[in-house]
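Hi,

Here is the structure I promised to pass on.

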Amino acid sequence: MDEFGFDLTSGGSDFFSELDSIYNNVTEPEVGASDADELLEGLNPEQKEAVQHLGGPLLILAGAGSGKTRVITYRIAYMMKKHNVAPGSILAITFTNKAANEMKERITALVGDRSQYIWCGTFHSIFARILRRHADLIGYDRNFTILDSDDQLKMVKQVMQELDISEKMYKPRNFLYEITNSKNHMVSPEQYEQLAGADTARQQNAKVYKRYNMKLIENNAMDFDDILVNMVKLLKGNPDILEFYRNKFGYIMVDEYQDTNQPQYNAVMLLAKGHNNICVVGDDDQSIYAFRGADVRMILNFEKDFPGCQVIKLEQNYRSTKTILSAANEVIANNKSRKSKALRTEGNEGDKIIVMNADSQAVEAAWTADTIKHMVQKGKFAYSDVAILYRMNALSRSVESALRDKGIPFRIYGGMRFYDRKEIKDTLAYLRLINDSKDDLAFDRIINVPKRGIGDTTVDKIRAIAAAEHVSMMDVARRASQYEELMRSANKLYGFCKLIDEFTVHLEEDEMSFPDFVDYVENESGMIQEMIDQRESKGELTDRVENLKELLSEAAEFEKNHRTSEETDNSELQSEIEDDEFLEEETATADTLRGILALYLENAALYSQGDSDDDNEDYVKLMSIHSSKGLEFGAVFLIGVEDGIFPSYKSIASAADTEEERRLMYVAITRAKKNLFIVLTRQRMLFGQTQCLPPSRFLREINPEHLYRMGNMREVQKQPSEAVNSQARVIARRNIASALSSGVTTKKDTTGGMRSGVAKKPGALSPAEIKDGMKVRHDRFGSGIVIKVEPVAGDALITVDFDGMRKNMLAGTAGLKKGE
């Protein structure tokens, strides 16, 4: 093993046992018991009683830190193992995506893959799934759109404009609050209008509320509150549907019951009445969401709703450096342009720096999230003590997903969440409109993205005509020449409609993988080209293009997780289908490109809300190293520590730039007060392509005695500095330069898998082949000379002089050929 080897344990590395040996803690052993009674080991008497309960209503009053999640998950596992309860008959509901994901993860660890048939999720995700099955019964198409808070506010503003209500006199957010509050209390627009009486302010609210709801239906859209209200309407208005789900869900569990609002309570009562096999878990002392419509009376009255119910109380509570400075000094000492100095401290030696060598960025993200959660659960840190730092913003995407899935609160510091970025929201809007041409909000967002010369006045006219005729804005745009006021813009509108139609044709042909389809939309829409054209005036181009290409990684992961594998054991699925006639269509739909797109959009919509309105200050901070300067944290996770990323591939060729990167490394290390974790990967999917980059050279500059290595061994040969620089530069250029090739001709192969076919013109130069000063030829612009090559997101932004006319292009799609 060389100086940068990684320790391996026999049979694989147990990360958390290693961590516990460092921190002198002992982890709770994983349970994967084949014998159901083994699940009861280690539980206190009250927990054991709750887990063993099967039939009839049960109220679990769970105090803070009393192990309620363990009780819920063990109870479900016990039901399946001890009583052979079918997973599809279990409905487990909670409030947040993070809680739902944690529950799913724990149940899977206990019962295996059968857990996938349990109906486990948030109120919104479960109810949205049921509503899509029966959308026609409540006046919707099954591909209805779920609006996020930004879309809701935009729609309220449109309503105010239509009703000639001034935003200077009335705040749109006040109207939106009133609408949300009304739905949370099951007050319809008609009921609100009656209740308004002679109150002029309430009458104004009633007008906005009524028109807002009409626009939702016209747009085939629901907001988050509608998902709850419409579920109640569906069950109350269709006795056969209610009977079906009452029979299907023989066992219902609701977590955080103290936070339920009126429509959630009504839906649960409708489903549970009859068999009465309902278990609710909560703590009235922790009911703190009244402003969201939560009503503590729901949990207080549970014994009245279900006379004779069993009550179980969970009252036992289970909750409760020189090394870093030396590493920083060792790294920065390699810089030549500096005055000699070294930090020192009178403090203790502290823990070693943990270096994790993960197999992929998914493992990197999951391990980081698991380690943070582990430390918080052990009381070593609060979430607010932890920061995750990265060299490039695109790395935050996989980490955000992992933190969200593990139930870890987080915020982006000095930036915004990946899915809140303009270019990502624009791409999602394109996908939404392709999925549903009635989505006026998506149409409104992208009709002039990229710029097509269609101004706000034209869009306002389209909106007004659509409202008057009760049709979609897309329908109006298709018939633009029929309206005098749209005649001047008709050709531009036709061009946009034709573009969306072409996207839809490719969607229906079902010959692309999902990431290739997203890549196709990003390129053919013109969004990327517009960014290239604007690069002279805006310095954000690199990040924006990288973010668009990173969306391909998300698409690839989503498709992998949601398409049915040929190796999957379908016996359990067939058994579930026999009891649920709608399940077969759902699973079949997931195997088409349209089905994957619909699932992806719903997932994106459900994650855009729900967990974001958290006023708790206890959250992990995510930020670039630049943004972290001047800050300090108890624990720091530094991710993506590979040559080509950190130091960046742009800096490797220059000694001065490398020293700048080393100063960044110094800043990153010195942000940590107690613990530092450095994470790298053997291979990483970045910008839609898998890359293999060597460990960062900065790691070799740290004394191995200060490091505790985890993960798989990486063979790293000692080489002279010059050779290392050269090799890393070649690897970085080769891997990253080919990452953005925009293949849009991907077709299914004969084995049922996917193969990528890059739509490259014969003889066209690849990004890696294009150099400064090279003579090139373009089919349209003729002969030219390359005057600038700037690597970005696995491709290259190039500037070519065509006989005095300079054009900015993306090398991977430019189709340039070698000139003479």
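**Aromatic pairs and a central strand**

Tyrosine 209 has 3% relative accessibility, so it counts as buried (buried means under 20% relative accessible area, exposed over 50%, partly exposed in between, with a 1.4 Å probe and protein chains only). Before going on, a word on the basis: this is a predicted model, where local features need pLDDT of at least 70, side-chain atom pairs count only at pLDDT 80 or more, and totals for chains, interfaces and linings use all residues. Residues are numbered from 1 along each chain as its sequence is written, and side-chain values use heavy atoms, with hydrogens and water left out.

Searching the whole structure gives 21 aromatic pairs (rings of Phe, Tyr and Trp, the last by its six-membered ring, pair if their centres lie within 6.5 Å; planes under 30 degrees apart are stacked, over 60 edge-to-face, the rest tilted). One of them is tyrosine 192 with tyrosine 209, edge-to-face at 6.1 Å centre to centre and 85 degrees between the planes. Tyrosine 192 sits in helix H8 (residues 189-196) and tyrosine 209 in helix H9 (residues 200-218), 17 residues apart. (Helices are DSSP runs of H or I, at least four residues, and strands are runs of E, at least two, numbered from the N terminus.) Tyrosine 192 is buried too, at 5% relative accessibility.

Tyrosine 430 and phenylalanine 503 also pair: their ring centres are 6.3 Å apart with planes at 80 degrees, so this is edge-to-face. Tyrosine 430 is in helix H18 (residues 422-435) and phenylalanine 503 in helix H22 (residues 490-509), so the pair ties together parts 73 residues apart in sequence. Both residues are buried.

Now for a strand. How many residues of E9 (residues 353-358) are buried? The count is 6 of 6. In a regular strand the side chains alternate between the two faces of the sheet. In E9, Ile353, Val355 and Asn357 are buried on one side, and Ile354, Met356 and Ala358 on the other. E9 runs parallel to strand E17 (residues 707-711), with 5 bridges between them (strands pair if DSSP finds at least two bridges). Another 5 bridges join E9 to strand E14 (residues 672-681), also parallel. Methionine 356 has methionine 710 as its bridge partner in E17 and valine 679 in E14.

Cheers
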